[in-house]
Structure formats: C-alpha cells, structure tokens
Amino acid sequence: MKQGQIIKIHSDFYYVLSDNQMFECKLREVLKKQQKKICVGDFVEFDNGHIVNTLPRKNYILRPAVANIDQIVIVSAVEEPHLDFQQLDRYIAFGEYFNIDIKLCFNKNDLSTNDETIEKVYSIYEPMGYDIIFTSALEKLGIEDFQEMMEGKTSVLCGSSGVGKSSLLNALNPDFHLRTKSISEKTGRGTHTTRHSEILNISENTRIIDTPGFSNLKFDFLLPWDVAKLFREMRPYLGNCKYQNCLHLMENDCAVKENLDKISISRYKSYEEFVEEAKEYKEKIKYEGRKKETFEKKHNDKSAVKISAQKRLSSRRTLKQQLYKEDIDE
C-alpha cells in the first residue's frame, strides 16, 4: 500500500502525488459511508487506484477546504474591485478561528490613484502584527516580496474572485499558465477562473494552494460571545468586563467599549456585523438538539462503519423473529 498527498480533486477523482508520480484515484465505499471529509492537502493511503485510509492532519480549514498548511495568504485588490475592509476582516477572522498564521497581500497596487488606502491598511493591520505586502501582478511589482513570503512553506491563497490570485501565481512562474479574467464592467466584481483547489510547486520546499474565489463567508457556526476572540486588538480586554458573556455592544462596564479609541472604526463595525450573524446561529440551535450520531467506531486502532441504534434494534428483532419461526416449523 502506498502513501501520498492529494494535490487536487476534480469531480469524483482524487489526484495523489507519491514518489514524484501522480495517481488518479477514487474513494473506497467504506470511506464514503463514514462520510469523511477528504480535501486537498490530505495525506492518504491508496492501493490499486482507490484511497483506503486518511492519515492524521496537522490542521484544516473549512473554506477553502484544505489541510496541512503552514499559512493563509489573504489576497485583496486595492482597486477593481474596490478594497472591501469588512470582507478583508471576514477572511482574517476565519484564519484566526483556525489558529493558522495569516499574511496579507494587496494586489493591483498600480491601479491606486492615492495613498489613502495604503495608509489605512498599514495603520489598522500593522500594529496587530500582520505581515503586509503590496503587489502588482501586471507590472511585476512586489513579486519578490510575494515569493519571499511563500518561501519554505505550504501556503493557501484565499480571497474574492477577481483580486488577481492566478495573475500573481503566473507572475511568480509563467509556466503555470493559469486562467485569468478581467473584472465585469456590469457588476464591478470578479468572475471565477479557478474552478478547484490545487497544490502548485514553486520550488522543492515551497508550495502554494490556489483556490477558487468566494465571498459568502458567514459566522453562522459559533456563538456571539466567541466572536471577539477572533479580533486580536480586543483580546487584551476580554475577561475584564462586568458580565461574563459580554458582547461588547450595549453593555455597561465593558472593557472593550472603554478602549474603543484603540480599535479601528471599520474593525469594530466588522465585529458588530459578525456578532449579528452569530446571533442567528444561536437562535437556530436554541431549540435543537446538538447531539450528532457517530458514523464510525474504533477497535484496535481500526475504523469501522457504525450501525445506528435504530437499525441495530431492527436487525435484532428480525433475527429473533426468524429464530422463533424456525422453532415453530420444527
């Protein structure tokens, strides 16, 4: 049995790199029944064109769904599309949630007509310790900084459609020949050119995962009072409020609100928006049971599909009926 890493997934096919060879594989039915989420970056065991087992992950992020990465590089455009600070904060907060190193890259710097945006970026995000670079894939500006940011790591690029992720990678290595497309004049937004996530080798120890652009991330998976933990500038004040589950919005004696002069206005507005989304999740689970059935069980370090209690009971009843019928027939 061989081991390798999933480089890309297309339709039902998983492309696994092992010993510098690419293998086209499919999932074994047992893995489908276990409903395991397998994604680009996962290390797997495979045999005769079938993936039979997944190996432990170093880490994992939900969207884009990738595993075993060293850092998230959030790519934004200075212009075309116009820099959306709340969308940027959304990506940053997701990176903080998964506790993975975050880097910020601002592309299309050649389209900027003034320095206000650049100054705002540095004033907000540099004091929090985020590494920042400005690039222009079109004019090949900042590409060396971009390459240095990636050196020796497995990085995942994420950002909205049209910000120039594929253009940056083509500038880094023209042999990639990744598809690019201009911004729509009608909507002012980018269109999807990258259709699936794929690991690209820059050098022997430097790899980048190119991902499709997306923008509809929502904080509909965590509770409202956990949102503040995703904002670095708020962390020093957490636990110092009067109320244990303080949301730092309308409460009295709130340590965060008492230090709003140290927090960017745009960042606090992003925080308010994310809390509202988390409130929707809180209402959703308020009257729902949160217990989930386990779909697999382990014995002697081996996994097996777990039969639900209902099906197990049904099977036992059927067996008893058969035994009873056999007794009567005799």
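A: Lys 279 is partly exposed, with a relative accessible area of 30%, a value that falls between the 20% limit for buried and the 50% limit for exposed residues. The model under discussion is a predicted one. Lys 279 belongs to helix 6, which spans residues 265–286. Its side chain makes a polar contact of 3.2 Å with the side chain of Glu 276. Leaving aside residues up to four places away in sequence, Lys 279 touches Pro 224, Leu 247 and Leu 249. Trp 225 lies 54 residues from Lys 279 in sequence, yet the two C-alpha atoms are 9.3 Å apart in space.

Helix 6 also takes part in the packing around helix 3. The buried residues of helix 3 pack against helix 6, and likewise against helix 2 (85–97), strand 9 (101–107) and strand 10 (131–134). Helix 3 itself comprises residues 116–125, of which Thr 117, Ile 118, Val 121, Ile 124 and Tyr 125 are buried. Viewed down the helix axis, these buried residues fall within an arc of 140°, and they therefore line one face of helix 3. An α-helix has 3.6 residues a turn, so positions three or four places apart point the same way. On the other side of helix 3, the exposed residues are Glu 116, Glu 119 and Ser 123.

Strand 9, one of the partners of helix 3, contains Asp 101. Asp 101 is partly exposed, with a relative accessible area of 37%. Beyond residues up to four places away in sequence, Asp 101 touches Asp 70, Gln 71 and Ile 72. Asp 101 and Ser 155 are separated by 54 residues in sequence and by 9.7 Å in space, C-alpha to C-alpha.

A further point of reference is Ser 197, in the loop between helix 5 (165–172) and strand 12 (198–203). Ser 197 counts as buried because its relative accessibility is 12%, under the 20% cut-off. Its contacts, not counting residues up to four places away in sequence, include Ile 7, Lys 8 and Ile 9, together with Val 40, Pro 64 and Val 66. Ile 209, Asp 210, Thr 211 and Pro 212 are also touched by Ser 197.

The cysteines complete the local picture. The structure holds zero disulfides. For Cys 254, the closest cysteine sulfur is that of Cys 246, and the distance of 3.7 Å is too far for a bond, because a disulfide requires sulfur atoms within 2.5 Å. Cys 254 is buried, with a relative accessible area of 2%. Cys 39 is likewise buried, and its relative accessible area is 2%.

These details belong to a protein of seven helices and 15 strands. Of its 330 residues, 45% count as buried. Among contacts between residues at least 6 apart in sequence, 62% join residues at least 24 apart. The accessible surface comes to about 19500 Å², of which carbon and sulfur atoms account for 46%.

As to confidence, the mean pLDDT of the protein is 84, and 80% of its residues reach 70 or more. Over residues 183–192, by contrast, the pLDDT is below 50, although this stretch has 17 contacts in the model beyond near neighbours in sequence.

Technical notes: Residues numbered from 1 in each chain as written. Heavy atoms only, no water. Helix = DSSP H or I, 4+ residues; strand = E, 2+ residues; numbered from the N terminus. Buried < 20%, exposed > 50% of the residue type's maximum accessible area, 1.4 Å probe, protein only. Contact = heavy atoms within 4.5 Å. Areas by Shrake-Rupley, 256 points an atom, 1.4 Å probe, with all protein chains shown as cover. Arc of directions from axis to C-beta. Polar contact = N/O pair within 3.5 Å; in protein donor to acceptor, adjacent residues only side chain to side chain. pLDDT = per-residue confidence, 0-100.
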